[in-house]
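Please find below a short note for someone opening this entry for the first time.

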Amino acid sequence: VLFNVRDTFQGFSPVQYMDLLSEDYLFVPDLGGLELYPEVYQAPGDYDPLSDRDTLWTREDERRFATNFLDRTEFQRITVDRWYQAGVDDVIFDESEPLIETYIFDYAIELTLPPDDGGVSLLIEVRGRAEVDLTTPTVESPVWIVRRWQDLRDPASTKRSMTELRGEFSQ
């Protein structure tokens, strides 16, 4: 599933990307992104960060982001330079919840803007760390989908994170 997510980004496929997400999908933004885009990650009036921390960005928000972000008029190319690597990155299997697996990995994505009037294409680098929960309805039918994505900004990097991209492409 994680490789399919990568491929939908590189292939500009918002519909296929959304097919990889559960109906109760949640994105958890990094704290820096919350501060940069308060209007995007606006908490409802009854929001309790201790119990509701995962409710700021839902599947419908993600659909809007994917449609805007995975648009060939925005970028000439999307290249995923670093993504989940089996045997290198962490996987957490919780025996008490066998239908959920958590994958923790660094990501690096390069976005190539369309050429300007002078024929020059600018590059935007996106870096961070993802904690992605995959779920399947049954062990017998292991069709895995993404249930939750928590974004963690790389504090040593000045590059944008996936939280910032969602903030920029959510409207």
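The points below begin with the basis of the model and end with single residues.

1. Basis. This is a predicted model, in which local features need pLDDT of at least 70, side-chain atom pairs count only at pLDDT 80 or more, and totals for chains, interfaces and linings use all residues. Residues are numbered from 1 along each chain as its sequence is written, and side-chain values use heavy atoms, with hydrogens and water left out.

2. Elements. The protein has five helices and six strands. Helices are DSSP runs of H or I with at least four residues, and strands are runs of E with at least two, numbered from the N terminus. From that end the order is α-α-β-α-α-β-β-β-β-β-α.

3. Overall form. The radius of gyration, taken over C-alpha atoms, is compared with a globule rule of 2.2 Å times the number of residues to the power 0.38. For 171 residues a compact globule would be near 16 Å, and the protein agrees because it has 16 Å. Its C-alpha atoms fill a box of roughly 60 × 40 × 30 Å along the principal axes.

4. Buried residues make up 44% of the 171. Buried means under 20% relative accessible area, exposed over 50%, and partly exposed in between, with a 1.4 Å probe and protein chains only. Contact means heavy atoms within 4.5 Å. Of contacts with a separation of 6 or more, 64% join residues 24 or more positions apart.

5. Charge. There are 16 positive and 35 negative side chains, and the centres of the two sets lie 4 Å apart. Lys and Arg count as positive, Asp and Glu as negative; His and the chain ends are not counted. Each charge is placed at NZ of Lys, CZ of Arg, CG of Asp or CD of Glu.

6. F12 is found between α1 (2-10) and α2 (14-19). Its phi is near 55°, a positive value in a residue other than glycine. F12 counts as buried because its relative accessibility is 10%. S13 lies in the loop between α1 and α2 and, at 16%, also counts as buried. A polar atom of the S13 side chain lies 3.2 Å from the backbone oxygen of G11. Beyond four places in sequence, S13 is in contact with T8 and L70.

7. R166. Where does R166 lie? It is in helix α5 (residues 162-168). R166 is buried, with a relative accessible area of 0%. Beyond four places in sequence, its contacts include Y17, W57, E62 and W149.

Definitions and conventions
A polar contact is a pair of N or O atoms within 3.5 Å; within protein, one must be able to donate a hydrogen and the other to accept it, and residues adjacent in sequence count only if both atoms are side-chain atoms.
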